[in-house]
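This briefing is for a reader who is new to the structure shown below.

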Amino acid sequence: MPAVTDVLLPASPDEAVAAFGDGSGVTVIGGGTIVMPDITAGRIRPARTLLLARAGLAGITHEGSTVTLGAMAPLQGLVDLPAPVGPCAGNVADLEIRLQATVGGNLCSGEGAEAPRGDLQGPLLAVGAQIRSAGSGGITTEPLEDFLGHRRGRLVLDLTYEEPAAGAFAAVDRPHTHAYTTLAVSAARTSDGTIRLAATGAGWWGIRLPSAEAAAADPAAAGAAALKDVKLHDDALASAWYREQALPVLVRRALARLEES
Amino acid sequence: MNLNVNGRTHEIESPPLTTLLDVLREELGVHSPKVGCEQGGCGACTVLVDGAPRRSCLLPVAALDGAEITTVEGLGAAEHLEPVQAAFVHHYAAQCGFCTSGLLMAATAYIANGGTDDREAIAEALGGHVCRCTGYVKIVDAVAAAARGDEFDLSVTAAGLFTTTMSGGAA
Amino acid sequence: MKAVGARVPRYDGVAHVTGRTVFVEDVEIPGVAWVKALRSPHHHATITKLDTRPAEQMKGVRAVVTAADVPLNVYGHLSALGIPGDEPLLADAEVRYLGQPIAVVAADDEQTAQAAVDAIEIEFEERPALFDVRKAFDPDAPQIHQWGNWYPHFEAGMDRRQIRKGDIDAAFAQADVIVQGVYRPAAIEQLPLETQVCQVVPEANGRLTIYSCTQALYFSMGVVAAHLQQPLNKFKFVGGTVGGGFGGKVDTATETLCSLLALKSGRPTKWRWTREEEFLCSSTRAPWHMEMADAVTKDGWILGRRMITLHDSGAYARFSPYGVTKHAFHHTGAYTIPNLHFDGWCVFTNRTPTSAMRGFGVTSVSFATETHLSRIAEELGIDPFELRLKNANRIGDTSPNGVVYTDPSTVPTILAIADHLGHELPADYRTMTSEPRSDGLLPEHLVAQVGNPEDH
Ligand SMILES: Cc1cc2nc3c(=O)[nH]c(=O)nc-3n(C[C@H](O)[C@H](O)[C@H](O)COP(=O)(O)OP(=O)(O)OC[C@H]3O[C@@H](n4cnc5c(N)ncnc54)[C@H](O)[C@@H]3O)c2cc1C
Ligand code: FES
Ligand code: FES
């Protein structure tokens with residue numbers, strides 16, 4: 001039984017923002033699928049925790065072509081969204097984890113030598129999501145891409161994106177539901193024909209693939225160009241060498257699927 | 001705060017970040033959910049929270065005020081087994097039994113949500129559960145049988161590949 | 001014999017599906033103290049400082065036990081057979097694998113126990129560590145074990161398990177082809193869903209009641225009694241419900257230390273390993289290094305096998321010599337090879353000690369043999385089923401250690417597999433049985449070596 005002193009359980013988004021303040025000394029618990037094992041095992045002993053379970057941030061709305069995902073939306077609620085977001089969410093863990101794991105937690109899962117766990121970062125980068133977060137300086141909205149570089153110290157509230165005209169997701173198959181995604185590529189094409197590509201598992205967190213985007217008209221060239229955009233690493237899931245072989249293939253597949261859709 | 005466990009309401013005293021698993025086992029003496037990993041990786045702790053299958057080792061109890069929890073103790077007792085329980089016995093789906101509680105709860109939710117005997121759908125629904133003993137085939141057999149509505153006479157067990165259906169107790 | 005061939009309902013089936021099966025941790029013991037261990041963070045190191053006082057002084061801590069508290073600290077898993085022990089229950093001067101226990105704490109709750117472990121002051125001086133069984137066998141490898149880098153206590157003081165059968169030189173002289181291979185299966189964690197766990201209650205009558213998940217109850221009782229230097233009648237073991245073991249619960253992992261803490265604190269104690277401890281610190285199936293060379297005729301008779309095996313025992317011997325013995329006795333798989341020259345060593349490394357897992361010692365060499373036979377078949381251009389059937393164990397053949405087979409099952413098994421796969425076989429193979437080889441099928445060089453089956 002964890003000996004935590006202070007547990008905040010806000011009942012609305014405003015209360016959550018107020019309780020979070022500038023975020024200093026606060027550990028946020030979204031679905032808890034990553035934080036709770038750390039607390040139970042005593043690997044982290046937070047003095048102050050903010051439980052978002054009842055903060056009312058779980059909504060998923062579709063207004064016209066605008067999609068809004070609340071930070072506390074469970075991943076299972078995303079699986080029927082069009083590619084690349086839906087298929088990516090459906091590829092995370094198993095049903096029970098997806099009922100528990102949240103969008104906010106997925107975007108804020110720790111980076112580093114640990115296996116990459118923020119699978120949704122890739123597709124949400126590809127669709128050009130804007131992220132709304134609270135913290136010092138108040139509530140801000142910015143592109144997810146900018147947020148990922150500095151995400152510590154922010155409370156994610158929600159994400160918004162325009163549904164792309166076409167989307168695609170391609171991942172290295174997982175041997176079973178407990179395996180994290182080794183490498184995945186997401187693609188989206190807007191109505192004006194712009195193609196955006198992003199990868200998960202090709203760096204410490206999700207990244208855009210600008211060189212591959214520039215070469216998107218020629219999938220083979222795009223696959224090769226993608227290698228210029230990444231700094232591949234070895235981890236428990238795969239070696240950098242393996243990722244180097246797989247990335248061009250996934251870029252090609254994602255572009256082919258984009259063509260088909 | 002309160003939890004309703006298998007139809008009875010309990011006032012909970014454990015600290016707020018205690019996992020539901022620990023509350024059930026240590027505070028309430030409900031032992032069917034098992035401690036397999038405490039990190040969401042095995043499914044031995046799965047219970048129903050308001051009808052949905054959840055890993056109880058990942059849930060801080062403070063987030064569950066007023067929730068309805070169902071564990072294996074809330075399914076049928078020995079004389080009144082639910083079909084899915086009978087199916088597990090009939091099809092030898094439990095060996096050591098350590099994973100069984102979690103699987104039964106996941107299977108219960110699957111069937112309650114209209115799951116059929118489609119083996120792939122069953123594998124997808126139970127995909128987060130680890131069983132080290134059975135090799136899963138018999139578990140899927142059992143869930144499929146229960147989903148189909150098969151009836152079981154527990155003195156008779158499922159036929160094997162090389163042996164006939166026979167009860168050891170028969171004279 | 002009503003049960004043979006019948007489908008018998010499991011005696012525990014209904015209990016399992018109603019949540020009524022009582023596993024070790026389901027036994028509710030009021031006031032039970034939690035146990036946590038201080039484990040080595042290094043693969044190999046000298047302990048230069050150990051001070052448990054900060055832990056002892058913490059509120060809620062009931063007892064701390066180190067090597068100094070253990071009546072007989074070094075006792076081997078095979079000591080009951082007269083083989084000297086090498087492994088301390090708690091490390092004192094030296095640690096030899098990552099996760100090796102150094103001290104254990106019993107406290108009022110899990111957090112306090114962990115905090116007490118964290119408060120223990122300890123310092124190390126790291127030493128070179130060996131992780132590869134083949135490199136550990138090099139003559140110039142750093143010495144990591146008090147007995148040298150391999151186990152020296154096989155019968156008659158031999159440092160290896162050795163098999164000599166027939167005339168190996170003659171077999172190799174007659175061979176048309178020599179097929180060689182090196183096989184290195186890796187370590188495997190048994191991974192039972194229930195981690196290592198026990199609860200110990202000090203009873204008013206001075207005895208200890210031990211709720212244990214052991215797969216080997218009387219063996220574990222002997223181990224606890226030996227470390228504690230107490231007669232067996234001081235212990236009541238309650239076992240029988242194991243949440244998966246697969247060999248990993250043959251070693252006595254928790255019972256002895258929980259007993260010492262129960263005695264020292266006067267409180268019941270409980271120790272459940274975390275999943276992380278189970279992965280990092282519990283024994284695994286061993287990695288093996290096997291080199292084999294088979295002397296083969298063009299038509300697919302295996303005349304002889306030379307083999308050396310290095311079994312990775314990890315840091316201490318535990319049951320490894322037993323595993324190597326079984327390995328040696330089974331090193332021709334399901335086949336009869338008349339001339340053998342086998343040497344198997346138990347080599348020490350700085351890995352977690354290895355132990356039993358489903359077919360202890362045998363699965364490694366079955367894997368090697370089957371792979372090797374397929375390679376021989378490929379090299380000779382022979383059907384792999386025919387090669388296996390030719391060399392299959394027959395009634396009257398002898399195992400590497402001289403046991404006469406009276407009912408070998410190789411031939412019917414391979415024929416069943418061929419049937420199942422729809423693999424076609426020529427008539428003389430299809431009609432093969434386990435009966436002794438007839439002269440027609442017995443090649444000349446084997447007549448002399450296998451002898452007349454009538455003589456067996
Ligand atoms: C068995 C298993 C399999 C898994 N498989 C996958 C997989 O395939 N792919 C994958 O991507 N992940 C996987 N995960 C990891 C994890 O479940 C997901 O990444 C999940 O989306 C994390 O969300 P959460 O709400 O549970 O996070 P939490 O544990 O609640 O939080 C994770 C981190 O984010 C912070 N945080 C949470 N919410 C917010 C917020 N709103 N604002 C700011 N910070 C916040 C927390 O403080 C913490 O640092 C798996 C986990 C398990 C147990
Ligand atoms: S104990 Fe909860 S998933 Fe393993
Ligand atoms: S029956 Fe033992 S783990 Fe499933």
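The model is predicted, so local features need pLDDT of at least 70 and side-chain atom pairs count only at pLDDT 80 or more, while totals for chains, interfaces and linings use all residues. Residues are numbered from 1 along each chain as its sequence is written, chains are lettered from A and ligands numbered from 1 in the order in which they are written, and side-chain values use heavy atoms, with hydrogens and water left out.

- Helix H6 of chain C covers residues 217–228 and helix H7 of chain C covers residues 255–265; helices (H or I, at least four residues) and strands (E, at least two) are DSSP runs, numbered from the N terminus.
- The two helices pack at an angle of about 45°, with their axes 9 Å apart; axes are lines fitted to C-alpha atoms, for helices over the stretch in contact, and angles run from 0 to 180 degrees between N-to-C directions.
- The crossing of H6(C) and H7(C) is right-handed, where right-handed means that the near helix is turned clockwise from the far one by less than a right angle, and left-handed that it is turned anticlockwise.
- On the H6(C) side the contact is made by Val223(C), Val224(C), His227(C) and Leu228(C), and on the H7(C) side by Glu255(C), Thr256(C), Ser259(C), Leu260(C) and Leu263(C); contact means heavy atoms within 4.5 Å.
- Sorted by class, the contact of H6(C) with H7(C) has five nonpolar, three polar and one charged residues; Ala, Val, Leu, Ile, Met, Phe, Trp, Tyr, Cys and Pro count as nonpolar, Asp, Glu, Lys and Arg as charged, and the others, Gly among them, as polar.
- Nine of the 11 residues of H7(C) are buried, so this helix is largely enclosed by the rest of the structure; buried means under 20% relative accessible area, exposed over 50%, and partly exposed in between (1.4 Å probe, protein chains only).
- Among the buried residues of H7(C) are Leu257(C), Cys258(C), Leu261(C) and Ala262(C).

**Helix H9 of chain C**

- Seven of the 10 residues of H9(C) are buried, so this helix is largely enclosed by the rest of the structure.
- The buried residues of H9(C) include Pro321(C), Gly323(C), Val324(C) and His327(C).
- Their cover includes strands S7 (161–165), S13 (288–296), S14 (302–314) and S15 (339–348) and helix H10 (362–380) of chain C.
- Ser320(C) is found in H9 (residues 320–329) of chain C and counts as buried at 0% relative accessibility.
- Not counting residues up to four places away in sequence, Ser320(C) touches His311(C), Ser313(C), Cys346(C), Thr354(C) and Phe360(C).
- Ser320(C) and Arg272(C) are 48 residues apart along the chain, and their C-alpha atoms are separated by 25 Å.

**Helix packing in chain B**

- The axes of helix H3 (residues 100–112) and helix H5 (residues 137–148) of chain B come within 10 Å and cross at roughly 35°.
- H3(B) passes H5(B) in a right-handed crossing.
- H3(B) contributes Leu103(B), Ala107(B), Tyr110(B) and Ile111(B) to the contact, and H5(B) contributes Ile139(B), Val143(B), Ala146(B) and Ala147(B).
- By class, this contact has eight nonpolar, no polar and no charged residues.

**Interface of chains B and C**

- In this interface, 34 residues of chain C are in contact with 49 residues of chain B.
- About 3,200 Å² is buried between chain C and chain B, and carbon and sulfur atoms give 57% of this area; buried area is the accessible area (1.4 Å probe) that two parts lose on being put together, summed over both.
- Arg7(C), Val17(C) and Leu193(C) supply 27% of the area that chain C buries against chain B, more than any other three residues.

**Single residues**

- Glu277(C) lies in helix H8 (residues 275–281) of chain C and counts as buried at 12% relative accessibility.
- Ile44(A) is found in the loop between helix H2 (35–40) and strand S3 (48–51) of chain A, and is partly exposed, with a relative accessible area of 32%.
- Gln121(A) lies in helix H6 (residues 121–126) of chain A and is buried, with a relative accessible area of 2%.
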